[in-house]
Amino acid sequence: MKLLDITLQIYRYKQGEQPHYDTFTVQVEDTAHVIDAIDKVWAEHDHTLTFRRACHHSSCGSCALRINGVEKLPCITRFSEVGDGNIPLRIEPLRNFPIVSDLVVDVSGFFQRMSASDMSITRYAESTLPLSVDNLDEIVQPRAVVLPDNLTHFNRFENCIECGICMSACPTMAVDNKFMGPAGLAAIYCALQKTDDADEKAHLLALVDGEHGIWRCHSAFECTEACPQAVDPAGKIMALRREVTANRFKKVGRS
Amino acid sequence: MSTPHVIVIGAGSTGSATAHDLALRGLRVTVIERGEVASGTTGRNHCLLHSGGRYCITDQESAIECIEENMTIRKIMPDLLELNDGLFVAITEEDLTFKERFLEACAACHIPARDVPVKHALEMEPFLNPKTLAAIQIPDGVFEPFRFCLAFLATARLHGAVVRRYELVTEIISSGKSVTGVKVRDYRTGKIETLGADLVINAAGPWAEDVAAMAGVRVPVQPTPGVMVTLDCRLNNMVLNRLNKPSDGDIVVPQRATCTIGTTSWKVKDPDLITIPPEHIEKMIVQGEQLMPIVRKIPMRARMAVARPLIVKDASDERNVSRTFECFDHAYDGVDGFVTISGGKTTTSRAMAERVTDIVCDKLGIEAECRTREVPLASYRLFYQGGQQ
């Protein structure tokens, strides 16, 4: 284990004051994650630093911010991924969210978008383990799983952890603050997959078919690139476009 | 007399569940949290909805509490759980000697347990150690601590509770021998404000001793961190536990596309300053390999540590303290209007809330039945909507 001296330039803002950057240097192990350095700044230097965090293992989604301009979950970001250790890391809040204080943003608009479909955060699990993960393909092949006698399915939380990274990375969001956003649209896509009810399906497709819905997306795929959970919101927006279009043809055929 | 106002310090699982219970019984409630919801002990927990199996041999009281609360949590937040059950597996002959005792202890604690043929267990969990000698299925589950708290707080808000985040309690104000309120510092603005209260509840977890000190009383809480290691791949659907006495690294809790090995135990003075000992991380991998030999080949996604608020009963071994919770009415220490609730686990936080709310209602002369066993919680997403940020 090696110790690293990490310098952070952290965005600071308190209500009624001018935003600025404060610079702090802390010592962390080379195996630590960026959240550990931010935590140390708070614990050792400045308890007035406000930031969001809970789980420290990419499950809650609360700690999302920008490191050197790129949206990241600091709880799973190692220092080697974001710099060479010599240049200070710039730590800033997410874009496209109102800033509350320092690194804390107001996520109410985001959660309103996530509520539009009322998508449950659990779903049926795949019937294989492990899940296909890019860096594991060569080591291990997925294996079929058999259910215990008393369960009809295994269940699993949805991959989306509602971190807001996609909304921050989205160029459409920057020009249309009413845009339903990548995560909100992806959630509607997931809700659509979970229902067989024709009325519910029609309702969900109507939701995304407005001027701030799927057609507003510029297909920049920044959301898919930035998502730490491989949700692929842009792919789901494209799939929604296909479904909405197919549905229109069906309606034309019937009339 | 107007409706009494109760201040809850801390928005971890205990504070959140307590706010919900108080609000449901018609009290005016203000929760004060210095950071984000669940930013302390609760957030960084193992996400295990305990069946009680882990404690049934060593601590029957905890085990019974766990299975009762496990069933209640399933009722009040059904959409916030991964419910795939768990297995207790024997890998060595020594583990196997626990099998009969474990089955008997489960029966005694009313924990449903099924002896699963090893061949079937290996089909259910293909990465389980092929040397497995026995597997017992119990109703473990997985929750998300952050959303667990948000759901309690969102529901509390619907019943009038106010949740103030990024505010630090800097002083507990007394008049004579009674606590009458708190002074808070808002980290968003730097402003100091005084809030009056008929009663203050200290639900600050491992920080409970610091909060109690502001009121001039002591609570015997020992901050006891544990290390957890999250792998970048989900290897198991069910929670995998080692069939033996509770020990370091004897459980792998899956969640979403990951799984987390835990945990260890050591003592610290200041829960704000925890340095993860590198050898604890290696220990998790070594122990995790016992349950699933593939563990070492999987890249690490995260590792974390946070202090548990264990109540000290026997100073010789931090593992031998009861895992069950304690409620201190500090009127017995000469300070009225101030109650500490500490110890316990996220799984049992609703029961802890019920106990402390019973005491608080009693002290304030309020007659109201606890309804948190039956009332389904509102969507956690509502927490961030319509309230102050």
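**An enclosed strand and its partners**

Author: Let us start with strand β14 (residues 221–231) of chain B: 11 of its 11 residues are buried, so β14(B) is largely enclosed by the rest of the structure. A residue is buried if 20 or more other C-beta atoms lie within 10 Å of its own, exposed if 12 or fewer, and partly exposed in between, with C-beta atoms placed from the backbone. Strands (E, at least two residues) and helices (H or I, at least four) are DSSP runs, numbered from the N terminus. This is a predicted model, where local features need pLDDT of at least 70 and side-chain atom pairs count only at pLDDT 80 or more, while totals for chains, interfaces and linings use all residues. Residues are numbered from 1 along each chain as its sequence is written, and chains are lettered from A and ligands numbered from 1 in the order in which they are written.

Reader: Which residues point one way from β14(B), and which the other way?
Author: In a regular strand the side chains alternate between the two faces of the sheet. Here B:V221, B:P223, B:P225, B:V227, B:V229 and B:L231 point one way, B:Q222, B:T224, B:G226, B:M228 and B:T230 point the other way, and all are buried.

Reader: Which strand does β14(B) pair with over 11 bridges?
Author: Strands of a sheet pair through backbone hydrogen bonds, either parallel or antiparallel. Two strands count as paired if DSSP finds at least two bridges between them. The 11 bridges of β14(B) are with β18(B), in the antiparallel sense, and B:Q222 sits opposite B:L310 there. Strand β17 (residues 258–262) of chain B is also antiparallel to β14(B), joined by 4 bridges, with B:M228 facing B:G262.

Reader: What is the strand order in the open sheet of 3 strands?
Author: The order is β3-β8-β4 of chain B, with antiparallel pairing. β3 (48–49) and β4 (81–82) are at the edges with a single partner strand each, so one side of each has no neighbour in the sheet. β3(B) is joined to β8 (residues 141–143) by 2 bridges, and B:L49 stands opposite B:G141.

**Two helices of chain B**

Reader: How many Å should helix α9 of chain B span?
Author: The expected span is 1.5 Å times one less than the number of residues. For the 16 residues of α9(B) (residues 349–364) that gives 22 Å, and the end C-alpha atoms are 22 Å apart, which agrees. Its buried residues include B:S349, B:M352, B:V356 and B:C361. The buried residues of α9(B) pack against β1 (5–9), α1 (13–24), α2 (60–76), β13 (199–202), β19 (325–329) and β20 (338–343) of chain B. Contact here means that the C-beta atoms of two residues, placed from the backbone, lie within 7 Å. Just after α9(B), B:G365 has a positive phi of about 70°.

Reader: How many residues of α6(B) are buried?
Author: 13 of its 14 residues are buried, so to speak mostly covered. From first C-alpha to last, α6(B) reaches 20 Å, close to the 20 Å expected. Just after α6(B), B:G160 takes a positive phi of about 100°.

**Domains and chains**

Reader: Where do the domains of chain B lie?
Author: Domain bounds come from an automatic or database domain assignment. For chain B, domain 1 is 5–42 + 146–220 + 322–384 and domain 2 is 48–143 + 222–311. The C-alpha centres of these two domains of chain B are 29 Å apart.

Reader: How many residues of chain B are in contact with chain A?
Author: 49 residues of chain B are in contact with 53 residues of chain A. The elements of chain B giving two or more residues to its side are α5 (118–124), α6 and β18 (300–311). The largest share, 3 residues, comes from β18(B), the strand that also pairs with β14(B).
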